[in-house]
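Reader: I have the sequence and the model open. Walk me through the strands, then the pocket.

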Amino acid sequence: MQYQTKVKLFIEDSPSEWIACAIVCLYDRDRLSRDDHLGMDITDVYGEATFSFSDADFVDLDERLGGTLPELYVKVFDTDGQCVLSTRSQAARNSVPELIRIPIERGVARKHNLI
């Protein structure tokens, strides 16, 4: 089965201030095996990165024991490759939302030259 989701980055105190040109990676959180990397994209002028993936990209022992859908989370990187933010601890079980909204604090975005 094919899945698609978008990630939207924005400034936490200003939801209409989108973060363009940020590197975003999408993962499936696993407990018994290594997390599955589902793709990388760079946000567009609307702060959106689009990901397409299939069952073959994430189904492993974790899904066989805990559900059929992934536990999606996002990592945001700056242009130097430094991880700015990870949502791994907030990954929702058995869910593939159409849109994952990621607020980033203004100070963090400035520090990492995202704005």
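**Strands and pocket**

Author: Glutamine 4 stands opposite serine 52 in strand 5. This is a predicted model, where local features need pLDDT of at least 70, side-chain atom pairs count only at pLDDT 80 or more, and totals for chains, interfaces and linings use all residues. Residues are numbered from 1 along each chain as its sequence is written, and side-chain values use heavy atoms, with hydrogens and water left out.

Reader: Which strand pairs with strand 1 over seven bridges?

Author: Strands are DSSP runs (E, at least two residues; helices are H or I, at least four), numbered from the N terminus. Two strands pair if DSSP finds at least two bridges between them. Strand 1 covers residues 2–11. Its antiparallel partner over seven bridges is strand 5, residues 48–54.

Reader: Do strand 1 and strand 8 run parallel or antiparallel?

Author: Six bridges join the two strands.

Reader: How many residues lie between strand 1 and strand 2 in their hairpin?

Author: Strand 2 spans residues 14–18 and runs antiparallel to strand 1, with two bridges. Phenylalanine 10 has tryptophan 18 as its bridge partner. The number of residues between the strands is two.

Reader: How many residues of strand 1 are buried?

Author: Buried means under 20% relative accessible area (exposed is over 50%, partly exposed in between; 1.4 Å probe, protein chains only). Across the protein, 43% of the 115 residues are buried. Strand 1 is mostly covered: of its 10 residues, the buried ones number seven.

Reader: Which strands stand at the edges of the open sheet?

Author: Four strands form this sheet in the order 4-3-6-7, with antiparallel pairing.

Reader: Which strand gives the largest share of the lining of the largest pocket?

Author: A pocket is an open set of points on a 1 Å grid over the protein atoms alone, where a 1.4 Å probe fits, with protein on both sides within 12 Å along at least five of seven lines; lining residues have an atom within 4 Å of a point. Strand 6 (72–77) and strand 8 (99–104) each supply at least two lining residues. The largest share, three residues, comes from strand 6.

Reader: How much space lies in the largest pocket?

Author: Its lining includes Leu72, Thr87 and Ile102. The volume is the space filled by probe spheres set on the grid points, which are joined across faces, edges and corners. That space is about 160 Å³.
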